[in-house]
Number of protein chains: 2
Amino acid sequence: MYAAILAGGSGTRFWPLSRKARPKQMLRLLGGAPMLRETMLRLAPAVAPERCLVVCGARHAREVAKILPELPPGRVLAEPTPKNTAAAVALAAIRIGHHDPRALVAILPADHHVGNPAGFRAALSAASKPAKEGYLVTLGITPSRPETGYGYIAAGDALAMADGHEVRAVSAFVEKPDRARAEAYVADGSHLWNAGIFVFRADVMRGELARHLPGVSDPLEAAAARLDDPAALAEAWSKVDAISIDHGVMERTNRAAVLPVDFGWSDVGSFASLPEVLEADESGNVLVGDAKALDAAGNVVHAASGRPVVVLGARDLVVVDAGDAVLVCPKDRCQDIRRVVEALEAEGRDDLL
Amino acid sequence: MYAAILAGGSGTRFWPLSRKARPKQMLRLLGGAPMLRETMLRLAPAVAPERCLVVCGARHAREVAKILPELPPGRVLAEPTPKNTAAAVALAAIRIGHHDPRALVAILPADHHVGNPAGFRAALSAASKPAKEGYLVTLGITPSRPETGYGYIAAGDALAMADGHEVRAVSAFVEKPDRARAEAYVADGSHLWNAGIFVFRADVMRGELARHLPGVSDPLEAAAARLDDPAALAEAWSKVDAISIDHGVMERTNRAAVLPVDFGWSDVGSFASLPEVLEADESGNVLVGDAKALDAAGNVVHAASGRPVVVLGARDLVVVDAGDAVLVCPKDRCQDIRRVVEALEAEGRDDLL
């Protein structure tokens, strides 16, 4: 099996830790290694670094290589411009498939958390069986709560068994639901979180891309032998449509399958989600770095810059010290952190962006 | 007139800005000069630096001289140990009175704010008249709100007029009142805030100290000619009782008088009091330094370290970045900041104390 790690994100939800030059996947958000590196380490017992590649934005390519020194040269694929996930998946499938047409490929986001890495690797292994048979397999996370922040996959009929997992058809991809629907999804047992993790044969994905997304497939397939050449890639890339792999392929293909899995997954979508993946103190405070909570409850305090951060008597706040900037907001306002970034942009505070 | 600035405080209410080596009076709490320097600058048009002295803790003497370079040598009186305000006032009165027995002396705390410095100087000038006649004059601030955090002076009969101010007898010094009593005090017009500002003749204060506080007066008067000599001062000081000038003299003397004044005074007792003395934005946020409040109201954000501090969507918080440590607490929990200091002490975090 090969793996392609998608590291093209440039989100603003983790300001002031995240910046244009240092997006979420490069952060030590959970106190350990950068999330990108955690992704590769999690994979390593199943897929050696020699069989990995990373697709990322051009401005991040050098930093990615620094974070992953074990990656052989040429395995960081720099997207000349952002073109959404279908283009990234196509680039990976063509690059790998050009040398090994029927290679199995796993697609993995660079910025997610997995609580049970062995379970994760077992799931990849289980997914490889239907993938070999020609399915585009997506891993569907068994929901543990009525989450309204994730997309869902509606699972259909059972197709087969793989290593004790049931492989099921995909009925539909469902956008983020409201609360009532999310509760129904948890109860019905047939809706799974869409984690953006896929396993497929390179030739099958290339065929489906050619069928459903010629605007992505054609320019890249035409340059398949020359994608190592930055000029050739840039020229082909400029003609590529920007669309997500879910909308462009997974919702249209009749080869989609879903493997229900449960390995402690979180997309770590905001500071407010850190309590899902990090241990809290007895008052529910998640403290990263030199953080202290006194008579305080439910706070997320990220003090990874080395300087102490003390929260006294407060509830349900996010407090983040990035070393060169500090942010304080209530946990339930994390979705508005992008407004801070917009305000700084409007003020021309490039030093903070 | 001479002035003695009392700079002996070592409070913990402004952690993380304040430290053992950098108490409140040395902080640029309001964004301008250190409060001690502001005190001297406010005084300068009325009392030249040559006629000022500063009483402070021994460990702060060098820093005080640095903050006040215009102070002639020998005008920083270092207390060998803290002995409360009566000893500091006695030291100042004896030092000044030894050379100029009937000198007028103003006693001024180093860490208060005055919104109207000209009004403050006019009040000192008005107080000098009854002081010359032998009164120990205290300035009583006309209360602008039912404050429960201050001591009050109950004013008695009118004694005289001075520059348009009415000089009144002191009926009593009143400890911090409860809310109902504070409201009555504001309404009755005869209760004034005790600001710890005094004007007196050196010989009168020395006489009252000798009468009411021989445990303070006797050791210092015995060494009156040698108080410049650190060894002589230390020896005398070791015998001095520790008591406040209010309890020790003002409550006992029959020479007390109070001058009702109103010059925008605040003792700036905590971060929560900054809105009394600094302008707020239209949402009631007080922002010092590179501080930003977005969709946030009633916050005090002190970002004087130079790094930006952003508060998003929060209400009534205090957020302080001292450069080497960050504190977040609700405004109404500022009185508990000493608990943070205690916790750091218990952990041996001397770098933060």
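1. A:Arg95 counts as buried, with 16% relative accessibility. In this predicted model, the residue forms a salt bridge with A:Asp228, and the closest N and O atoms are 3.0 Å apart. The two partners lie 133 residues apart in distant parts of the chain: A:Arg95 sits in helix α3 (residues 84-99) of chain A, and A:Asp228 in the loop between α7 (214-222) and α8 (230-237). A:Asp228 counts as exposed, at 59% relative accessibility.

2. A second pair in chain A is A:Arg206 with A:Glu221, a salt bridge whose closest N and O atoms are 2.7 Å apart. A:Arg206 counts as buried at 17% relative accessibility, whereas A:Glu221, at 26%, counts as partly exposed.

3. In chain B, B:Lys239 forms a salt bridge with B:Glu235, the closest N and O atoms being 3.2 Å apart. B:Glu235 counts as partly exposed, with 45% relative accessibility.

4. One network of salt bridges involves both chains: A:Asp295 is linked in it with B:Arg333, B:Asp336 and B:Arg339. Over all chains, a search of the whole structure finds 50 salt bridges.

5. How is chain A superposed on chain B? A rotation of 180° with 0.0 Å of shift along its axis does this, at an RMSD of 0.0 Å. That is the relation of a two-fold axis. Both copies use the same surface, since 100% of the contact residues of chain A recur in chain B.

How values were computed: Residues are numbered from 1 along each chain as its sequence is written. Chains are lettered from A and ligands numbered from 1 in the order in which they are written. This is a predicted model: local features need pLDDT of at least 70, side-chain atom pairs count only at pLDDT 80 or more; totals for chains, interfaces and linings use all residues. Side-chain values use heavy atoms; hydrogens and water are left out. Copies are superposed by least squares on the C-alpha atoms of residues with pLDDT of at least 70 in both. Contact means heavy atoms within 4.5 Å. A salt bridge is a side-chain nitrogen of Lys or Arg within 4 Å of a carboxyl oxygen of Asp or Glu. Helices (H or I, at least four residues) and strands (E, at least two) are DSSP runs, numbered from the N terminus. Buried means under 20% relative accessible area, exposed over 50%, partly exposed in between (1.4 Å probe, protein chains only).
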